[in-house]
Amino acid sequence: HPIWLAAAIDGRLGRGAGPRALVGFPLRDDTTRGFGEVLRGEMGGRGFEVVAEGREEGFDDWEVNGERGRVECWWGVWRRKVEGV
C-alpha cells in the first residue's frame with residue numbers, strides 16, 4: 001500500500017532537514033515493481049526526495065515447497081526536500 005505508506009511517513013517524519021525514512025520492499029513481480037513507481041510519485045508529491053537507494057538480494061518470506069527462495073529487494077532513504085537547494 002504505497003499510498004498509505006507515503007501518508008504515514010508524511011504524517012510522522014519530523015519537519016527538519018535531518019529526519020530520514022528507510023523504505024524497502026521485494027521486487028517479486030510487475031505488481032511489486034509498480035509499487036515503487038507509485039511510492040515515488042506519492043512521496044515526490046508530498047515534498048520528499050530519495051537521498052540514497054540500492055538493491056539487495058535476500059531470502060523471501062514466502063515459502064515455495066517448504067523453501068524460501070531468493071528475492072531482489074529495493075531500498076531507499078527519503079527526506080523532505082530542503083527549500084532553496
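Helices (H or I, at least four residues) and strands (E, at least two) are DSSP runs, numbered from the N terminus. This is a predicted model, where local features need pLDDT of at least 70, side-chain atom pairs count only at pLDDT 80 or more, and totals for chains, interfaces and linings use all residues. Residues are numbered from 1 along each chain as its sequence is written, and side-chain values use heavy atoms, with hydrogens and water left out.

Setting aside its neighbours within four places in sequence, D10 is in contact with R15, R46, F48 and R80, where contact means heavy atoms within 4.5 Å.

Salt bridges come next (a side-chain nitrogen of Lys or Arg within 4 Å of a carboxyl oxygen of Asp or Glu). The count comes to eight. One of them joins the side chains of D10 and R46 at 3.1 Å, N to O. That pair links distant parts of the chain, with D10 in helix α1 and R46 in the loop between α2 and β2 (48–64), 36 residues apart. R46 is partly exposed, at a relative accessible area of 30%.

D10 also meets R80 in a salt bridge, side chain to side chain, at 2.9 Å, N to O. Here the partners are 70 residues apart, R80 being in strand β3. R80 counts as buried, at 9% relative accessibility. R46, for its part, has a salt bridge to E42 (3.8 Å, N to O), and E42 is partly exposed at 24% relative accessibility. Put together, D10, R15, E42, R46 and R80 are linked in a network of salt bridges.

What about aromatic rings? A search of the whole structure turns up one aromatic pair. It is made by F25 and W74 and is tilted, at 5.3 Å centre to centre and 40 degrees between the planes. Rings of Phe, Tyr and Trp (its six-membered ring) pair if their centres lie within 6.5 Å; planes under 30 degrees apart count as stacked, over 60 as edge-to-face and the rest as tilted. F25 lies in strand β1 (residues 21–26) and W74 in strand β3 (residues 67–80), so the pair ties together parts that are 49 residues apart in sequence. Both F25 and W74 are buried.

Definitions and conventions: Buried < 20%, exposed > 50% of the residue type's maximum accessible area, 1.4 Å probe, protein only.
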